[in-house]
Amino acid sequence: MINRKLRNTLLSRVDHKKAIIVLGPRQVGKTTLISEIAASLGDYLYINGDDPETMLTWSNPSQAFIMQYIGNYKTVVIDEAQRLENIGLSAKMIIDAKKDVQLFITGSFALDLADKINEPLTGRKWEYRLYPLSWQEIKDTRSFAKTIPLLENFLVTGMYPEVITNPGDAKQILVNLAGSYLYKDVLELGGIRRPEILLKLLQALAWQVGNEVSYNELAQTVGADKATINTYIDLLERSFVIFRLTPFARNLRNEIGSTRKIYFYDNGIRNTIINNFSPLSQRNDTGALWENFMISERKKQLAYSDSYVNSYFWRNTHRGEIDYIEEQDGRISAYEMKWNPKAKTRFPKAFVEAYQPAITQAIHKDNYWEWLDNAG
């Protein structure tokens with residue numbers, strides 16, 4: 001069992017006054033983590049939003065029904081809550097009527113659930129994200145010495161809990177994840193009628209990791225219009241498959257400010273989409289894998305440390321570029337992701353002179369762990 005960094009944060013929020021909401025991809029351990037915490041508080045009521053009978057039972061229930069249903073339980077877990085109609089109002093009734101009940105809610109489709117709960121639960125919730133396992137979580141549980149040799153595996157098969165605990169079955173686990181769980185919310189909750197377009201789009205995005213993405217070019221590649229591409233990318237982001245990085249543009253006339261970079265939350269899912277689990281020695285996309293891994297890992301670490309950091313990339317029309325930039329309290333740090341520690345790294349003079357970054361650093365396989373340990 002690998003200890004999750006979010007656990008202590010969630011425990012510190014238990015006060016029987018606000019709902020504790022945990023959002024994140026399917027199969028990253030949300031149910032396991034919340035169930036462990038709920039069990040530590042005593043007997044608890046578990047409500048499974050994926051269960052068809054539960055969906056019907058919790059379709060616009062009355063307050064009287066909810067109170068009878070909860071009974072004397074002091075802890076209630078509503079799992080995959082995005083599937084329950086008007087769950088926000090039901091949660092509000094629980095919190096308002098049952099002052100001594102701690103409510104936990106999980107969801108795998110961020111904005112759809114947020115639309116249902118944000119207004120009803122204004123001032124009544126704590127909200128967090130749980131991601132695939134992080135390098136730091138594995139290191140803290142298994143030791144630094146046992147985690148360092150696994151780096152290349154992480155780049156190829158990713159960090160989903162079941163993959164980490166069953167490395168010999170990693171490929172089959174990832175294929176099942178992608179087929180049975182990854183697209184489930186996107187296809188069903190997103191109302192997608194052309195799943196073949198979604199698959200083509202995912203493959204196109206997988207091949208463009210680390211590069212700027214043009215929605216017009218994606219539309220031509222997959223055979224859809226730009227509006228459809230924008231909608232599908234938004235749905236993929238809501239369901240925690242991908243995330244976007246926006247350009248940093250403030251002062252310079254020749255800065256690029258309208259493009260995006262898109263990364264996958266997990267390298268294993270990215271490699272499953274393109275059906276390539278070859279070792280690094282046999283690949284020509286190691287640089288892209290390294291960039292995706294490091295930026296997704298940094299995202300996890302910043303989230304778990306409650307660090308309020310703005311993240312960007314930078315490029316200008318003279319082909320000057322920087323892989324990753326962080327801005328915190330007016331302080332700018334610039335990083336280049338280089339798998340090879342001996343690779344030359346140059347930070348564009350125009351950027352350095354204009355923004356005077358506090359840090360300019362290459363993150364490579366010999367120093368990445370220091371950078372991740374110091375996130376935030």
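**View 1. Lys299 and the ring of Phe243.** Let us start with Lys299, whose charged end sits over the ring of Phe243, 4.9 Å from the ring centre. A charge counts as sitting over a ring if NZ of Lys or CZ of Arg is within 6 Å of the ring centre and within 35 degrees of the ring normal. Lys18 lies over the face of Trp126 in this way, at 4.3 Å from the ring centre.

View 2. Residues are numbered from 1 along each chain as its sequence is written, and side-chain values use heavy atoms, with hydrogens and water left out. The score pLDDT is the predictor's confidence in each residue, from 0 to 100. Its mean over the chain is 90, and 93% of the residues reach 70 or more. Confidence is highest in helix α9 (residues 151-157), at a mean of 98, and lowest in helix α6 (residues 110-117), at 64. Where pLDDT is low, the predicted coordinates should not be read in detail. Helices (H or I, at least four residues) and strands (E, at least two) are DSSP runs, numbered from the N terminus.

View 3. Rings of Phe, Tyr and Trp (its six-membered ring) pair if their centres lie within 6.5 Å; planes under 30 degrees apart count as stacked, over 60 as edge-to-face and the rest as tilted. The count comes to 22 aromatic pairs. One of them is the stacked pair of Phe154 and Phe293, 6.4 Å centre to centre with 25° between the planes. This pair links distant parts of the chain, with Phe154 in helix α9 and Phe293 in helix α17 (residues 286-304), 139 residues apart. Phe154 counts as buried because its relative accessibility is 2%, where buried means under 20% relative accessible area, exposed over 50% and partly exposed in between (1.4 Å probe, protein chains only). Phe293 is buried too, also with a relative accessible area of 2%.

**View 4. Phe248 meets Tyr355.** Here the pair is edge-to-face: 4.9 Å centre to centre, 85° between the planes. Phe248 lies in the loop between β7 (242-247) and β8 (260-264) and Tyr355 in helix α18 (residues 349-355), so the pair ties together parts 107 residues apart in sequence. Both Phe248 and Tyr355 are buried.

**View 5. Along helix α17.** Of the 19 residues of α17, 16 are buried, so the helix is mostly covered. Just after α17, Asp306 takes a positive phi of about 55°.

View 6. Asn86 has a positive phi of about 55° although it is not a glycine. Asn86 lies in the loop between β3 (75-79) and α5 and is partly exposed, with a relative accessible area of 35%. Phe240, not a glycine either, has a positive phi of about 65°. The loop between α15 (226-238) and β7 holds Phe240, which counts as buried at 5% relative accessibility.

Definitions and conventions
This is a predicted model: local features need pLDDT of at least 70, side-chain atom pairs count only at pLDDT 80 or more; totals for chains, interfaces and linings use all residues.
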